[in-house]
Every structure is written in structure tokens, then in C-alpha cells.
Amino acid sequence: MKKKDQTKKHYRDYLFYDILVRIFIHLNVADLVAASFVCKTWNLATRAPQLWKKLDLTTLNYSNYFNIPMLVNSWKDENSSSKMTRFLKYVTNLSSGNINIIIFNFYVYLTDDHLLTLAKRTPNLKRLVLPLTGNISKIGIETAMKSWSGLESMTITSIFKDRHYFTAIGKYCPNIVRLKFTCTFEQEEAEAVVNYTPNLKELSIRFVIVNLRALCLVLNSLKDLEVVNISHSLIVDKLDGEFEMYSLRNLRNHLDASYYRKLIVCETGECLRCQNGRNNDPRRLPHGPLEDIWRQDEITSLAH
Ligand SMILES: [Zn+2]
């Protein structure tokens with residue numbers, strides 16, 4: 001009789017766990033952490049692997065506990081930065097190594113501590129979206145990339161401009177097939193992409209300034225490159241000391257037809273940037289529309 005009761009209890013607990021996980025899947029990361037402190041059963045449910053495929057830190061802006069302002073370089077002071085490190089340690093402990101995607105908070109200043117805390121505990125990472133600002137050391141990027149050898153996709157911001165960052169990618173991450181740049185794309189970036197991500201298939205240089213020669217270099221050199229998103233980008237070159245801008249029609253004249261066909265442009269006004277431009281909610285200004293484009297998954301949204 002006692003044995004039968006125990007079986008019933010186990011079955012009921014299993015059902016409760018299953019229901020909790022189905023509810024928790026709708027929570028953002030801050031609420032999930034709060035739920036983990038309620039009781040042992042809730043804590044167990046918050047550790048379900050299916051809750052941790054994507055770690056989206058952008059939602060911290062809307063959490064009462066964090067209250068991160070939507071301003072560039074937020075949480076740069078030591079106390080706030082340490083708080084973020086502790087939070088990252090806790091969530092990666094809950095995730096048990098199941099995180100495949102990390103989207104950093106757009107506004108929070110990134111440090112070596114943040115990057116390495118995540119890198120040590122996310123061995124299965126496939127996609128990384130960097131924040132807008134931060135300061136990462138050479139040794140920090142080397143260590144992180146060594147841990148993320150299975151990385152396939154990155155969104156690169158202006159903090160990743162130094163060449164030795166790309167050297168680390170070339171050394172430890174041979175599976176990179178998708179890159180998105182949210183900063184200018186000049187000759188130096190093009191050379192780094194060609195030299196250190198030779199297997200690249202998709203490149204997004206949407207809504208940035210693109211040097212024509214840099215664009216030609218990647219199109220000429222990367223044999224596996226299938227698409228390049230240049231929607232709303234300014235294509236320029238410097239000729240005889242003067243800047244020249246190129247329209248799509250000009251580009252057609254400069255590029256081989258097979259290369260031109262690889263370019264994606266916005267012709268219908270329905271791309272993410274156009275949609276965000278129509279969202280003029282003052283609470284999200286000045287960086288909200290930029291954040292929307294930055295955080296989008298280029299793998300599926302590349303062709304709008
Ligand atoms: Zn558009």
C-alpha cells in the first residue's frame with residue numbers, strides 16, 4: 001500500500017513538473033531566475049533543458065530587479081558589472097550547458113568577466129550576438145573562442161574591431177558560416193573575414209557604411225558565399241581623394257552578374273529597418289530601432 005502511494009506521488013509530481021515547464025517557457029530570463037527561488041519543485045522545473053536553448057539578455061531592460069536604462073554603456077560601474085557577472089553565473093548554472101544562442105543586452109557594457117563566465121559554461125554555443133560597447137582583452141577573446149569551437153554565427157559590433165579578435169575566430173572557430181556586421185565594413189574587415197572565416201555562407205552588412213572594394217573582395221574571395229545583405233547600406237569608395245556613392249544601378253555595372261545576384265536589398269519597404277522606422281514610440285528612442293535590427297536573427301531574417 002505504501003509503495004502504491006509513493007508511485008502516485010511520483011506520477012503527480014511528474015505532471016506538475018511538466019505543467020510548470022510549459023508555463024516557464026513563456027517567461028523571460030529574469031522571471032525564470034525569480035521562479036527558481038520559489039521552492040525545490042519550481043527550481044527543478046526552471047532547469048529544464050528546453051528553457052535554455054536561447055539566453056536573451058535584452059529582456060533585462062524590462063525587469064524591475066535590473067532596471068537597466070536604455071542608454072549605451074549602461075552598468076559600466078564596478079558594482080553593476082559584478083552584479084551582472086553573478087547573474088550570468090547563476091543562469092548558466094540553471095542552464096546546465098544547454099545554451100545554444102546568447103544575445104547580450106544591447107546597452108550593457110561587456111567585460112572579460114561577463115564573457116568568460118558565459119564561455120566556461122556554454123560549451124554548445126552556436127550563435128553569439130555581441131553588445132554595442134565593452135572592453136575585451138586579447139586573452140579574454142582567445143579563451144572565449146577556444147570554449148566556443150562549435151560557433152556558427154556571430155553578430156559583430158564596434159567592440160570587435162581589433163584584428164586579433166578575428167585571429168582567435170580563425171584559430172578556434174572553423175565552423176563560422178554566418179556573420180553580421182553592425183559597424184562599418186571597410187577593407188580591414190573584409191580582409192579579416194576572408195582570412196579567418198573562409199567557409200562563410202551568409203554575410204549581413206545591412207544599414208551600415210560599406211566600402212565598395214571591401215564588398216568586391218569578399219564576393220571575389222569567398223567561394224562558399226551565398227548571400228550578402230546590403231539593405232539600406234551606403235556603398236562608397238574613395239576615388240582621387242573624393243568619396244563616391246554607388247546606387248544599385250552603379251553596382252550592377254561594377255559587379256559580375258553572378259556576384260550581383262548574391263546581394264539582398266530592400267525594394268518593398270518591408271524589411272526590419274523599414275518596419276522599425278515606422279515605430280516612433282518615444283520611450284524607445286534614440287536606440288530602440290537600432291536595437292531591433294541588431295538583435296534579429298539574420299539566419300532566418302536575412303531575406304526579410
Ligand atoms: Zn527596408
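These legends go with several close-up views of a predicted model.

**View 1. Three domains along the protein chain.** The chain is divided into domain 1 (1–50), domain 2 (52–176) and domain 3 (205–298).

**View 2. Helix H2 and its starting residue.** The buried residues are Val29, Ala30, Leu32, Val33, Ala35 and Ser36. Look also at the start of H2, where Asn28 places a side-chain oxygen within 3.1 Å of the backbone nitrogen of Ala30.

View 3. Zooming in on one pair, strand S3 (residues 127–129) runs parallel to strand S4 (residues 153–156), and 3 bridges link them. In this pair, Val129 of the model stands opposite Thr155 in S4.

**View 4. The largest nonpolar core around Met145.** This core has 81 residues, and the members that touch the most others are Met145, Trp148 and Met154. Helix H9 supplies the largest share of the core, with 6 residues. There is also a second, separate core of 6 residues, including Ile103, Val129, Leu132 and Trp294. Back at Met145, the contacts beyond four places in sequence are Leu128, Leu151, Met154, Phe160, Ala168, Ile169, Tyr172 and Cys173.

**View 5. Helix H9 from its start.** Helix H9 spans residues 212–221, and its buried residues include Leu212, Ala214 and Leu215. Cys216, Val218 and Leu219 of H9 are buried as well. At the start of H9, a side-chain oxygen of Asn211 comes to within 2.8 Å of the backbone nitrogen of Arg213.

View 6. Strand S9 (residues 234–239) pairs with strand S10 (residues 242–246) in the antiparallel sense, over 5 bridges. Ile235 has Tyr246 in S10 as its bridge partner. Between the strands of this hairpin there are 2 residues, and Asp240 takes a positive phi near 50°. Val236 also lies in strand S9. Is Val236 buried or exposed? Its relative accessibility is 10%, so Val236 counts as buried, the cut-off for buried being under 20%. The C-alpha atoms of Val236 and Asn211 are 5.1 Å apart, although 25 residues separate them along the chain. Leaving aside neighbours within four places in sequence, Val236 is in contact with Ile209, Val210, Asn211 and Leu212, and also with Phe243, Glu244, Met245 and Tyr246.

View 7. How many disulfides does a search of the whole structure find? The search finds 0 disulfides. Cys39 has 32% relative accessibility and therefore counts as partly exposed. Cys266, with a relative accessible area of 18%, is buried, because buried means under 20%.

Terms used:
Residues are numbered from 1 along each chain as its sequence is written. This is a predicted model: local features need pLDDT of at least 70, side-chain atom pairs count only at pLDDT 80 or more; totals for chains, interfaces and linings use all residues. Side-chain values use heavy atoms; hydrogens and water are left out. Buried means under 20% relative accessible area, exposed over 50%, partly exposed in between (1.4 Å probe, protein chains only). Helices (H or I, at least four residues) and strands (E, at least two) are DSSP runs, numbered from the N terminus. A polar contact is a pair of N or O atoms within 3.5 Å; within protein, one must be able to donate a hydrogen and the other to accept it, and residues adjacent in sequence count only if both atoms are side-chain atoms. A nonpolar core is a set of buried Ala, Val, Leu, Ile, Met, Phe, Trp, Tyr and Cys residues joined through side-chain atoms within 4.5 Å. Contact means heavy atoms within 4.5 Å. A disulfide is a pair of cysteine sulfur atoms within 2.5 Å. Two strands pair if DSSP finds at least two bridges between them. Domain bounds come from an automatic or database domain assignment.
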